[in-house]
Amino acid sequence: MKRRGASGDPTPATPATPATPGRARLALSGAEGNIGRVLRRALPGLGYTLRSAELAPRSRLAAGEDLVHGDLQDPAAVDRLLDGRDVLIHMAATSVERPLSEIVANNLLALVQVYEGARRHGLRRVVFPSSNHAVGMYPVEQKLELDCAPRPDTFYGLSKVWGESLARMYWDKHGIESVCVRIGTAIERPLTPRHLSTWLGLEDLVHLIERCIEAPQVGHMVVWGVSANARSYWSNAQAERLGYAPRQNAEDWADEILARDNPVPQEARGLQGGSFVLHDLMAPSRR
Ligand code: 15L
């Protein structure tokens with residue numbers, strides 16, 4: 001895969017190359033989200049045929065893409081997305097803390113529909129975006145291995161613990177492979193001291209997702225979605241099995257970031273989940 005320097009546009013809209021024979025036929029949900037938009041621009045340029053799904057018609061078709069719409073709690077919408085596909089990159093979800101009912105609908109119930117759809121359509125693999133907030137209550141001094149016990153910081157983080165286990169169940173019972181990626185902070189460049197540990201650069205993101213699609217025989221696997229940050233909270237040996245070799249390092253921005261005020265409240269700085277750890281789970285607005 002062609003990688004670009006830190007100063008260039010990390011996710012240029014690559015012209016769609018003709019689909020490479022033998023490449024997986026991809027489905028991408030959540031195509032209108034922050035990560036979905038990056039992948040949607042990058043994947044056709046890597047020789048994949050891509051069918052994307054967004055909730056409602058909002059965007060124009062990208063080069064080399066086929067687009068469907070609908071709520072993935074509806075099996076008919078799942079069928080439109082997965083028919084004739086090999087691998088699903090399932091980015092559609094609530095991606096921050098929200099009222100519990102919304103988390104349950106989007107991150108639990110829709111996920112069951114998606115895995116049931118994967119069964120109906122004989123998909124080989126699902127790439128499931130888990131999150132660092134599944135373990136956000138660990139102290140920042142503790143370097144985590146992938147088999148650490150869950151310590152979610154929010155209902156959102158808890159939904160990712162549930163999703164990783166759901167993925168495991170569909171592998172054990174139905175032979176559908178999953179790579180669960182515990183994504184750190186996937187943005188163009190790190191902005192806060194916390195990001196020096198959690199950043200996933202967008203070039204590394206695209207490279208990681210390509211490895212999640214291509215690596216042979218993953219079964220059920222969990223990896224950290226993080227760049228090669230000098231201050232990473234997470235130990236990512238599993239990712240080597242995937243062939244993921246991150247090149248970006250948040251440390252390149254450390255001097256600049258540490259010279260500015262830290263926007264994360266003081267009382268949240270000791271825990272890995274950052275400001276997520278301050279959410280009051282049962283505040284009236286969140287029930
Ligand atoms: C996440 O899981 C969120 O989806 C994203 O919005 C960021 O908050 C990220 O984690 C993070 O921890 O920085």
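1. An oxygen atom of the ligand lies 2.8 Å from a side-chain N or O atom of Arg194, and ligand oxygen is likewise found 2.7 Å from such an atom in Tyr156 and 2.6 Å from one in Thr185; a polar contact here is a pair of N or O atoms within 3.5 Å. On its own the ligand has 320 Å² of accessible area, of which the protein covers 76% (Shrake-Rupley method, 1.4 Å probe).

2. The model is predicted, with local features requiring pLDDT of at least 70 and side-chain atom pairs pLDDT 80 or more, while totals for chains, interfaces and linings use all residues. Numbering runs from 1 along each chain as its sequence is written, and side-chain values use heavy atoms, without hydrogens or water.

3. Around the ligand (a heavy atom within 4 Å) are residues including Ser95, Ser131, His133 and Phe276, and this shell divides into three nonpolar, six polar and one charged residue, where Ala, Val, Leu, Ile, Met, Phe, Trp, Tyr, Cys and Pro count as nonpolar, Asp, Glu, Lys and Arg as charged, and the others, Gly among them, as polar.

4. The ligand sits in the largest pocket, meaning that more than half of its atoms lie within 2 Å of the grid points; a pocket is an open set of points on a 1 Å grid over the protein atoms alone, where a 1.4 Å probe fits, with protein on both sides within 12 Å along at least five of seven lines, and lining residues have an atom within 4 Å of a point.

5. The lining of this pocket has 18 nonpolar, 22 polar and eight charged residues, and helix 1 gives the most to it, with five residues.

Key: Polar contact = N/O pair within 3.5 Å; in protein donor to acceptor, adjacent residues only side chain to side chain. Helix = DSSP H or I, 4+ residues; strand = E, 2+ residues; numbered from the N terminus.
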